[in-house]
Amino acid sequence: MIITIQNSSPDPIYKQIFDQIKKQIICGDLKAGEKLPSIREMAKELSISIITIKRTYTDLENEKLIETVIGKGSFVSDINNELLKEKKFALLQDLIEKIVDEAKKLGISKKEIVEVLDEFY
């Protein structure tokens with residue numbers, strides 16, 4: 001699992017980690033049943049507070065993306081296809097929202113966005 005923290009990001013560190021793990025799970029890079037690093041291991045590896053990782057894992061559990069087994073660790077949940085599809089669309093909506101916000105700032109119309117999307121798709 002690769003996690004990159006960007007100090008220049010407006011997002012807090014726990015959210016950056018959360019978003020990256022969530023994306024890796026949704027995209028299938030992290031498979032159901034795969035063990036995540038312990039909270040201490042990840043905190044040490046990223047040189048950040050244990051509390052930050054604990055918050056990240058708690059948020060991932062709340063979204064039913066991971067499960068924690070006391071004494072054994074945290075594992076990627078076995079997500080059913082319907083929930084996985086829902087998570088993929090939520091991720092896509094977040095990305096589209098950012099693109100639309102940037103396009104509006106640049107004065108780009110909806111029609112132009114659609115044209116660019118068509119080109120890339």
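Which exposed residues are carried by the face of H2 turned away from its buried side? In this predicted model, in which local features need pLDDT of at least 70, side-chain atom pairs count only at pLDDT 80 or more, and totals for chains, interfaces and linings use all residues, that face carries Arg40, Lys44 and Glu45. Residues are numbered from 1 along each chain as its sequence is written, and side-chain values use heavy atoms, with hydrogens and water left out.

The protein chain contains five helices and two strands, where helices (H or I, at least four residues) and strands (E, at least two) are DSSP runs numbered from the N terminus. Read from the N terminus on, the elements follow the order α-α-α-β-β-α-α. The C-alpha trace of the protein chain spans about 55 × 35 × 20 Å along its principal axes. Of the 121 residues in the protein chain, 24% are buried, the term buried denoting under 20% relative accessible area, exposed over 50%, and partly exposed the range in between (1.4 Å probe, protein chains only). The protein chain exposes about 8,900 Å², of which carbon and sulfur atoms supply 55%; accessible areas come from the Shrake-Rupley method with a 1.4 Å probe, and for residues only the protein chains shown count as cover. With contact defined as heavy atoms within 4.5 Å, 50% of the contacts in the protein chain between residues at least 6 apart in sequence join residues at least 24 apart.

Helix H2 spans residues 39-46, and its buried residues are Met42, Ala43 and Leu46. These residues lie on the same side of H2 because they cover an arc of only 100° around the axis, the arc being that of the directions from the helix axis to the C-beta atoms. The buried residues of H2 pack against helix H1 (13-26) and helix H3 (50-62). Ser47, which follows H2, has a positive phi near 55°.

In soluble globular proteins, nonpolar side chains tend to be buried together. A nonpolar core is here a set of buried Ala, Val, Leu, Ile, Met, Phe, Trp, Tyr and Cys residues joined through side-chain atoms within 4.5 Å. The largest such core has 20 residues, of which Ile17, Ile21, Ile25, Ile53 and Tyr57 touch the most other members. Helices H1, H2 and H3 each supply at least two residues of this core, and its largest share, five residues, comes from H1. When residues up to four places away in sequence are not counted, Ile21 touches Met1, Ile3, Leu30, Met42, Thr56, Tyr57 and Leu60. Thr56 belongs to helix H3 and is buried, with a relative accessible area of 0%; leaving aside neighbours within four places in sequence, Thr56 is in contact with Tyr14, Ile17, Phe18 and Ile21. Another buried residue, Ser77, has a relative accessible area of 5% and is found in the loop between strand S2 (73-76) and H4. With neighbours within four places in sequence again left aside, the contacts of Ser77 are Ala32, Lys64, Leu65, Ile66 and Glu67.

Side chains of opposite charge can pair when their charged atoms come close. Under the criterion that a side-chain nitrogen of Lys or Arg lies within 4 Å of a carboxyl oxygen of Asp or Glu, the count comes to five salt bridges. One of them joins the side chains of Asp19 and Lys15 (2.9 Å, N to O); these residues are four apart in helix H1 and are therefore separated by about one helical turn. Asp19 is partly exposed at 27% relative accessible area, and Lys15 is partly exposed at 31%. In another salt bridge, Lys22 pairs with Glu63, with the closest N and O atoms 3.5 Å apart. Lys22 lies in helix H1 and Glu63 in the loop between H3 and strand S1 (66-69), so this pair ties together parts that are 41 residues apart in sequence. Lys22 counts as buried at 11% relative accessibility, whereas Glu63 counts as partly exposed at 27%. A salt bridge is also formed by the side chains of Arg55 and Asp59 (3.9 Å, N to O), which both lie in helix H3, four residues apart, or about one turn of the helix. Salt bridges that share partners join Lys22, Glu63 and Lys87 into one network.
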